[in-house]
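Colleague: Please put the model up, and I will ask about it one point at a time.

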Amino acid sequence: MPDDVRARQRVGAGLGVLLALVLGAVLLSALPDDDGPEGGAGCAARAIRSWSADSGLTGEFARYGDDASRSDDWTGGDGTHSVRLPDGRLLWLFSDTYLGQVHGPPNPVGESYAWRDTSAPLVRNSAVVMDGEGRLERTLPAPLFADPAPDQWRWPVAARVEPRSPGSAESVVRVLLWVRTAGQSPWIYGVPTATEVATLSLPDLRVESVVKVLDQSLVPDPSQRVLFGTTLVEEDGWTYVFGGDDGQAASRPASSAYVARVPEGRLGEPGAWKYWNGSGWGGAPRPVRGAKVGSAFSVVRTEGTYVLFTMAAGAAGLTTVTSYWACSPTGPWHGPTKDFSPALPHGGVAAYNPQAHPELSDGGRLVLSYDVNWLETVGASASINANVTLYRPRFVTLRLTEPG
């Protein structure tokens with residue numbers, strides 16, 4: 001596949017850019033309350049009050065990506081997700097990733113940008129480890145998750161640390177994966193195929209297994225296929241896993257949001273997943289009420305309220321982040337509320353894939369990342385390599401308030 005097409009695929013992923021085990025009596029008795037956190041005390045409208053650029057985090061990824069001491073580590077990527085490990089480290093997960101080496105400016109055409117050679121390796125996914133002090137240390141062997149079949153690939157999305165099994169004292173990392181299959185226009189970003197869950201051992205972060213939890217390959221209309229895992233929220237013994245369809249398979253938010261829930265310790269069990277069907281938990285997934293989203297969005301729970309971040313609708317979806325709020329993961333979602341337009345390096349690029357990082361958030365502030373990529377298909381790979389800052393995450397700090 002030409003580099004230009006492969007690089008362009010990731011723009012759509014962010015702009016446009018998700019089962020049967022028999023339960024014994026003991027496991028049934030250990031399930032959390034079936035009602036879940038649907039409303040309740042403390043829920044109130046929430047909107048973005050203010051935001052500011054987080055130059056520290058943005059700069060740390062620039063420092064690490066520009067480090068020329070190794071040629072097999074991360075120099076740029078998107079699909080930015082993170083999870084805090086029990087020993088204090090942070091695991092960062094990326095989708096399409098450039099490895100190789102970065103050279104200082106000027107680039108080969110005389111511009112004052114750091115650059116990488118056009119032959120730099122591009123892999124479908126990667127993982128980078130940050131120490132407890134906030135310094136990026138190393139890239140795990142990439143790709144971390146092998147392609148499942150020819151012309152298919154895995155993009156990691158949300159992850160969490162949970163017991164290996166319910167009640168176990170041993171913890172593992174569960175990573176949600178999107179499987180996509182190469183396709184023709186309008187599916188140049190890949191046809192949605194399946195949601196999987198990978199299990200990583202601790203503390204060595206070795207991939208132990210990958211399990212398919214929702215196969216969508218037989219759904220005739222690719223735009224109706226749902227991939228789960230763009231974001232998740234842990235609450236009262238449940239993991240709420242959000243997902244979306246591909247809507248119009250376009251670069252602007254036109255997708256519906258969906259949600260599943262899984263008891264703690266059982267993300268890797270297909271039979272433990274229950275999907276919101278419009279009136280209850282079970283059966284085929286149905287959209288939640290009120291939210292129109294990009295295929296990659298993020299949800300957090302703060303002071304009893306669920307807040308969803310996504311790219312805005314229409315042309316603003318190339319530059320602007322907006323939000324919705326709800327008292328339940330199933331909705332109804334209210335909004336969109338106040339939005340903001342984070343900084344972009346220059347014209348001809350887009351922001352996408354807003355992702356919250358609660359493990360880095362405290363004191364009323366919320367850390368949010370967004371990805372940046374070149375807009376044009378023709379020459380995209382050359383432009384990304386000629387200016388390595390175009391394909392790296394950027395970070396902002398948000399504060400929320402009741403909408404005025």
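Colleague: How far is Arg-124 from the ring centre of Trp-153?
Modeller: This is a predicted model, where local features need pLDDT of at least 70 and side-chain atom pairs count only at pLDDT 80 or more, while totals for chains, interfaces and linings use all residues. A charge sits over a ring if NZ of Lys or CZ of Arg is within 6 Å of the ring centre and within 35 degrees of the ring normal. Arg-124 lies over the face of Trp-153, and its distance from the ring centre is 3.8 Å.

Colleague: Over which ring does the charged end of Arg-261 sit?
Modeller: Residues are numbered from 1 along each chain as its sequence is written, and side-chain values use heavy atoms, with hydrogens and water left out. The charged end of Arg-261 is 4.0 Å from the centre of the ring it sits over, and that ring belongs to Trp-238.

Colleague: Why is strand β11 largely enclosed by the rest of the structure?
Modeller: Strands (E, at least two residues) and helices (H or I, at least four) are DSSP runs, numbered from the N terminus. Buried means under 20% relative accessible area, exposed over 50%, and partly exposed in between, with a 1.4 Å probe and protein chains only. Strand β11 covers residues 152-163, and it is largely enclosed because the buried residues number 12 of the 12.

Colleague: How many bridges join β11 to β12?
Modeller: Strands pair if DSSP finds at least two bridges between them. In β12 (residues 171-181), Ser-171 stands opposite Pro-163. β11 and β12 run antiparallel, and the number of bridges joining them is 10.

Colleague: Which residue of β8 is the bridge partner of Tyr-98?
Modeller: An open, antiparallel sheet of three strands has the order β2-β5-β8. β2 (76-77) and β8 (122-123) are at its edges with a single partner strand each, so one side of each has no neighbour in the sheet. β5 (residues 97-98) pairs with β8 over two bridges in the antiparallel sense. The partner of Tyr-98 in β8 is Leu-122.

Colleague: Is the pair Trp-51 and Phe-340 stacked or tilted, and what is the angle between the planes?
Modeller: Rings of Phe, Tyr and Trp (its six-membered ring) pair if their centres lie within 6.5 Å, with planes under 30 degrees apart counted as stacked, over 60 as edge-to-face and the rest as tilted. The structure holds 15 aromatic pairs. Trp-51 in strand β1 and Phe-340 in the loop between β22 and β23 are 289 residues apart. Their pair has 5.0 Å centre to centre and is tilted, with the planes at 35°.

Colleague: How many residues apart in sequence are the cysteines of the disulfide?
Modeller: A search of the whole structure finds one disulfide, a term that here means cysteine sulfur atoms within 2.5 Å. The sulfur atoms of Cys-43 and Cys-327 are 1.9 Å apart. Cys-43 is in the loop between α2 (25-30) and β1 (47-53), and Cys-327 in the loop between β22 (321-326) and β23 (349-356), so the parts tied together are separated in sequence by 284 residues.

Colleague: Is that disulfide left-handed or right-handed?
Modeller: Cys-327 is partly exposed, at a relative accessible area of 27%. The torsion about the S-S bond of Cys-43 and Cys-327 is about -90°, so the disulfide is left-handed.
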